[in-house]
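My notes follow the structure.

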Amino acid sequence: MRITLRSVVDSDTFPDAVDVVVIGGGIIGASVSYELAKQGVSVALFEKGVIAGEQSGRNWGWVRQQNRDLYELPMAMQSLARWAALSAETGLDLGFRRAGIAYGTVNEQDVARWEAWGAKAKEMGFVSDILTAEQTRARLGGGAAWKGGLWSPLDGRAEPALAAPAIVIGAQKRGALVHQRCAVRALDISNGRVSGVWTERGRVKAERVICCGGAWSSRFCKQYGIELPSANILGTAFKTTPAPEIIHGCLSTGSVCLRRRDDGCYTVALAGRGQVDIAPQNIRYALKFYPLYRSNIAKKLGFRLNRSFFSGPEAAGRWTHRDVSPFEKMRVLDPAPDSGQLREALQQLVQLFPQLQGIGVDYAWGGWIDTTPDLVPVIDRIESVPGLFVASGFSGHGFGIGPGAGQLCAQLVNEQPLFTDITPYRLARFAQGAAVRQPQMM
């Protein structure tokens, strides 16, 4: 992958004991560590590869409240407040710009759906502007027969290569210990509850552990009889060559999505497109995902059988803390991008915006998106393993809502009042026999 991530230097001290261990150095693990350290909690963050090496450094870079699932909206709104403050608090640039997010559509049904969502969102304190066809043409231009649009001036964009590493560095400044290329192999359990973790460098005592392992969380949890339904969806994105500015922030056309970058290029992806590997984990949770696969969302997904059936985050198999774990065998998930999606996205861009004629691909990448059956994350304490918490399954939304999720997780782990009800995020909603909620807005 050609993405150049902001470098994070490991802490000099390797801990014997801390109050909280955070597993995973993506945007969620980074944000949890920062918020805990800010409260004066002793925390150690362990990442099997490098900070932001997987999806947190490969996503689109959108920071949005607009069109969130209403269950996620409170967390998204809280995140916008945290994004705006984090650069000042850490003293580092996260690439956050409150540049606005626009949606445009050629389908009148989308406008009706947005209006219905907007009425409910307004009751929760979020307001965005519904655009008429004429207003959409004026804002977006291009060659499409726009039927309407959405505009949220308070939403924004950030730079994935900078953000999570900056937050981790900020956590270190507040006392957090950070170790990369150091996988957590297993929990250490004494008298039926968490007493620490076993890393590849040895045992670390801790009475509280939070798993923020992204695509790897479900496989880790399965070792302890915890059923965390998750399917990893392979997404493709790319950076364009320099091109004229058609939008200062982010834009969704319903088919292609783009983010203006500070370097004069765009990050581009096809909306909702991806690949699902047929693997033991996906087979195990197939019934949970049945409503999702029946929805229109599934029409944009491809399915394939390959080596991931035998290795990687969705494979089967057990290990002990004395064994080299799957997390060490595959330090960073770095899948190849889908070349067909690159060609299709470029073609659609030029059709919609003729002024982009001649735009090309600078470089492209793939990333695995950990996804739940209802596209809403799991944030919960695990009652069957006291002392263990999980924050995972952010379904492609984790980057934008990461700072708010980190604050919520820190409150949960530290037994403080929560800024929003976590009932919608409880793992128990996927219990055997429970009806799975249909996915809402993405």
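**Salt bridge notes**

I began with Lys239, which counts as buried at 12% relative accessibility. The cut-off for buried is under 20%. I kept in mind that this is a predicted model.

I then looked up the partner of Lys239. Its side chain meets that of Asp263 in a salt bridge, with 3.3 Å from N to O. Lys239 sits in strand β13 (residues 231-240) and Asp263 in the loop between β15 (256-260) and β16 (266-270), so the pair ties together parts that are 24 residues apart in sequence. I noted Asp263 as partly exposed, at a relative accessible area of 40%.

Next I took Arg58. Arg58 forms a salt bridge with Asp334, and the closest N and O atoms are 3.0 Å apart. I placed Arg58 in the loop between β2 (43-47) and β3 (62-63), and Asp334 in the loop between α9 (326-329) and α10 (339-352), so this pair ties together parts that are 276 residues apart in sequence. Are the two partners buried or exposed? I found Arg58 buried, with a relative accessible area of 3%, and Asp334 partly exposed, with 42%.

I also checked Arg97 and Asp93, whose side chains meet in a salt bridge at 3.3 Å, N to O. Arg97 counts as partly exposed at 28% relative accessibility, and Asp93 counts as partly exposed at 34%.

Last, I recorded the total for the structure: 24 salt bridges.

Terms used. Residues are numbered from 1 along each chain as its sequence is written. This is a predicted model: local features need pLDDT of at least 70, side-chain atom pairs count only at pLDDT 80 or more; totals for chains, interfaces and linings use all residues. Side-chain values use heavy atoms; hydrogens and water are left out. A salt bridge is a side-chain nitrogen of Lys or Arg within 4 Å of a carboxyl oxygen of Asp or Glu. Helices (H or I, at least four residues) and strands (E, at least two) are DSSP runs, numbered from the N terminus. Buried means under 20% relative accessible area, exposed over 50%, partly exposed in between (1.4 Å probe, protein chains only).
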